[in-house]
Amino acid sequence: NVRVGIVGMSEVGTSLLKLLQAQRQKVKHTFEIDLQVCAVLKDSQSLDMVVLENNASGVNADSITVAEYNEQTGGSFLLGAPASSITFEDSKKVLTKLVPTGLDGMKDHVFSEDCSHSIIFDCTADEQVGMKHPDWLKAGMNIVTANNTGLSGAKSVRDEIKRIECTKKVQYLREVTVGGGLPILSTLRDLLSSGDHVRLIDGIVSVSMSYIMYRLAPPPGVLECSTYDEESTFGAYCDKSSMSPSTTNELKSCSFSQAVREAIALGLMEEDPMKDLSNEYSARCLMVLARDLGLDGDYDVNKIQARSESLVSGVEKYSEIEAELDVKMAERVSQAAAKGCVPRHVFSVDVKRGEISIKIMDVPNNHIFAATAPSCECVRFFTQRHKAYPLIVQGPSAGADSTASALLAEVLNMMKNRVGSKNGIISRSSSFLTNG
C-alpha cells in the first residue's frame, strides 16, 4: 500500500481525488501498488480534515472517495459531469470522519510505520503549505507538488528541501510546479543528465499573460492554420474543447482590460490579477528552473521582479491603473504592428551570464512566441547540442484534469522505478470521468 494525503481541494485537488478513485484498480493491476487516500484537507485555513474511520493498511484497505469527501464537507462535484452520471471501479461505501487537526495533522493521518511509502499531494499555491514541505520530508513522506512556493520562498526552506533530497531517503516530485502538465523540468533534467550544457532558456511561462497578450495582438494567419489542422488531422484537432477563444472565425483584438476580464472568467487569473501582472507567478516558476540550473543561490522572487518589466510597478491595486494600461498597451500594440511584430510576455534565464528576467518583447509575427496559442506556454532550450534550432516544449499547461494527471504520473514513474510494472496502460486523459 501507498498511503496518500491531499492538501488543496480546489479544481486540481478535486480532479486528482476523482482520478485516484477511478484509476485505483488499474494502478493495482499494472504496478501492483494500492494508492490509499487516507486524509484530505480543503486548504491551509481549514481546521476539519476528512480521514478514514478504519485507518489500517493492507489488502482491500479503505480509501477516501469523492462521495465520502463531499458527504463530510457538504461539498459538491466541482468538475465534469454530476456524480450520479459517473461510474467508478471501486464504489463500495467507505466510512470517514472529520477531525479538527488542520494542516498540522496531515502527517499523523498519512504516515505509518507499517507502510513502506507515504505521499502527500500539494494541490495548492499556498506559502503556508509550502513551508510544511521540509517537515513532511523529514518525517519520511514523499511530496508530489503543484505548489512552487516551497522552492521559490524563503531561502531557509529551499535549502532544507535540497538538504533532505540529497539524503535520497524520500523524493520531492515537482514537475508540475513549472508548466503544469508540460514536461519542462523533466526535459531540463534529461538534457543536464545526458551531458548537454544549457546556455539559455526562454519562453512564455504564464498562461494568463499568454492569453492576455494574444488577445491584445493575435498574429495573422490564425484562421488558416486552424483550418489546415482541422482538415489534416481528421477530427483529432478540435479547438472547440479548448478554454482559449475559438479560431473558427478570425480573432479580433481587444483592450487590455477586456483581456484581463476574460482571463479571470476562464480561471486563468485570480480575481485580483496583481500576482500575474507584477510577474510574481512567473518569477516563482523561474526560481524552480534556477534551482536545477544552480542559479537559485543568487536570486529570489523579489530580485527577479526588480530586474523585470512590470506593467503595475509601484501600484497596489489593478483598478488604479486599469484605464491607463488600456491606452499604454494599445499604443504598444500599434508600435509593434508597424514593425511586423506583436508584443509577448517573455522570460529569459541566461545561464552563461547568470541573468534572469521577464520582459514584454516585440516578436515577429511569424515567430513561435507570436503563434503560441492563448492560455498555452512555450519554453525553448538553447544548449550545446541545440544552438540554431532550440529544443521546444509547447502546449496548454492549464486545466485541472491535465494537471491532476501529471501529478499521478509523477507518482507512477517513481513507483515504477521501485517496483516495476506489468504490461498495461494507465489512461492519462479526461476519460477517467466516464471510466473509459
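Predicted model: local features only at pLDDT ≥ 70, side-chain atom pairs only at ≥ 80, totals over all residues.
## The seven-stranded sheet

Seven strands make up an open sheet with mixed pairing, in the order β4-β3-β2-β1-β5-β6-β7. Its edge strands are β4 (96-99) and β7 (172-173), each of which pairs on one side only. Strands of a sheet pair through backbone hydrogen bonds, and the pairing is either parallel or antiparallel.

Within this order, β2 (residues 35-41) and β3 (residues 49-52) run antiparallel and are joined by three bridges. In this pair, L41 stands opposite M49 in β3. Helix α3 (residues 66-73) packs on the sheet, where it touches β2, β3 and β4. The direction of α3 makes about 45° with that of β4.

Strand β9 (residues 341-350) pairs with strand β10 (residues 355-364) over ten bridges, in the antiparallel sense. R344 stands opposite M361 in β10.

The two strands, β9 and β10, form a hairpin with four residues between them. In the turn, G354 has a positive phi of about 70°.

## Helices α10 and α12

Two packed helices are described by the angle between their axes and the distance between the axes. For helix α10 (residues 207-216) and helix α12 (residues 256-265), the angle is about 140° and the axes are 9 Å apart. Because of this angle, α10 is oblique to α12; the limit for roughly antiparallel is over 145 degrees. The crossing of α10 past α12 is right-handed.

On the α10 side, the contact is made by Y211, I212, R215 and L216. These residues meet F256, A259, V260, E262 and A263 in α12. Sorted by type, the residues of the contact of α10 with α12 are seven nonpolar, two charged and no polar.

## Two loop residues with positive phi

F234 is not a glycine, yet its phi is positive, at about 55°. The residue lies in the loop between α11 (222-232) and α12. F234 counts as exposed because its relative accessibility is 76%, and the cut-off for exposed is over 50%.

S375, also a residue other than glycine, has a positive phi near 70°. Its place is in the loop between α17 (368-371) and β11 (376-383). Is S375 buried or exposed? At 3% relative accessibility, S375 counts as buried, since buried means under 20%.

Methods. Residues numbered from 1 in each chain as written. Heavy atoms only, no water. Axes fitted to C-alpha atoms, helices over the stretch in contact; angles between N-to-C directions. Parallel < 35°, antiparallel > 145°, perpendicular 65-115°, else oblique. Left-handed = near helix turned anticlockwise from the far one by under 90°. Contact = heavy atoms within 4.5 Å. Nonpolar A, V, L, I, M, F, W, Y, C, P; charged D, E, K, R; others polar. Pairing = 2+ DSSP bridges. Buried < 20%, exposed > 50% of the residue type's maximum accessible area, 1.4 Å probe, protein only.
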